[in-house]
Amino acid sequence: MRLPLRHPPPSAPSPRQRCEHLALLAEAARGLPLGPAARALSGARGRGRHGNALQWHLGLEPHDSVPEPDWEGRIEIKLISVWQLADGRLGCDRIKVCEVGVDPWHKLSNVLFVFADRLTRVVLGHRFFHLGAASLDALARSWTLDPHFGRPDLMVESREGPEGMSPAYYLSRRWLSQEGLLPTEPVRFGYRFDANWWRSVRAEFAGRDPLLTLARVDHGEQAPCPRCRGTLRADLSRVFEVGWAPATHAMPLGERCALRGHALIDPRRLPEPAACSDEEQFLAVEGALPEHRIWRLADRVREPEDHGH
DNA sequence: AACCTACCGTCTTACTTTGG
DNA sequence: CCAAAGTAAGACGGTAGGTT
């Protein structure tokens, strides 16, 4: 159920906040796979696991329970899952801003949006956002629009009924593109996301996500499994046309590969990693990176003398 | 009929506060 | 002092309905 906004927009924008250290970290995050840290941190459960993994990689606590912006109380960090639409443009879902008791205008004053591919959980890129005069003006229209029929970009939603979960502020899916934060042209990187296939695989294998394997051109239809001694077979023309295809795992079936769905993906759609080797990126995407080899982005980025505040 | 996208109601974890 | 309850963070997961 959609409710009226609780917080009126501020009359003037807050100042822009910068941090050179965070800018370097964000740059280094390109090509970073979030899966291994997400699994190591919280046992691969919870819908915020990849956001927690990102915060850990940036050198923060993976969880906080304060309604202040994540980075030094000045810049909010948001992970946005994206995927390719049929025409090659990037799509995304609406974004949860904060609980309804928290001021969303403050949260949105300065944001680092990090975009990660929904299938592979690899970071594709990022944008810094400041809610300046023009953006504030546009978003403040949500305060006067009808929650249902006015199609506001900022909204409050909650479950119906007295036992409903606590309502929260959301940004519409349109908003990121309108603000120029998501490209509106087709892109090279990222994958289609087939929610029906994903759901049916998870249903078949007790809620476990499918495992991905990179298709090497020289392997042909039978790709050796990187996790065990088995082989994977998939429709390779589909892999290289669409980006990925469901795969069947032939015996022998290693421990990690049993009771899991499988897909073969085209590695050319992964951005070149900025802070790890190709091998580290590939192993991570394939779920074959041993826990002791998980590395933290913050440990590989030099903290600058001047944060430029 | 198959496929695709938009919609929207949760699901899980961790820290903080309160009560016995 | 310890357990339970409360609160906020973190987007995800499943499906209805539109399109081809």
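1. Helix 3 spans residues 49–57, and eight of its nine residues are buried. Helices (H or I, at least four residues) and strands (E, at least two) are DSSP runs, numbered from the N terminus.

2. Before going on, please note that this is a predicted model, in which local features need pLDDT of at least 70 and side-chain atom pairs count only at pLDDT 80 or more, while totals for chains, interfaces and linings use all residues. Residues are numbered from 1 along each chain as its sequence is written, chains are lettered from A and ligands numbered from 1 in the order in which they are written, and side-chain values use heavy atoms, leaving out hydrogens and water.

3. What covers helix 3? After helix 3 comes G59, with a positive phi near 95°.

4. Now to the sheet: four strands make an open, mixed sheet in the order 3-2-5-6 (two strands pair if DSSP finds at least two bridges between them). Strand 3 (90–92) and strand 6 (123–130) each have a single partner strand, so one side of each edge strand is left without a neighbour in the sheet. Strand 2 and strand 5 are parallel partners over seven bridges; V82 has D117 of strand 5 as its bridge partner.

5. Turning to DNA strand C, 28 residues lie around it, and R47, Q55, D70, L79 and S81 come nearest (a residue is near if one of its heavy atoms lies within 4 Å). Sugar and phosphate make up 68% of the DNA strand C atoms that come within 4 Å of the protein. Helix 3, strand 2, strand 4 (95–99) and helix 7 (195–204) each contribute at least two residues to this surface.

6. Some side chains can be followed to the phosphates. For R49, a side-chain N or O atom is 3.4 Å from a phosphate oxygen of DNA strand C.

Terms used
Buried < 20%, exposed > 50% of the residue type's maximum accessible area, 1.4 Å probe, protein only. Polar contact = N/O pair within 3.5 Å; in protein donor to acceptor, adjacent residues only side chain to side chain.
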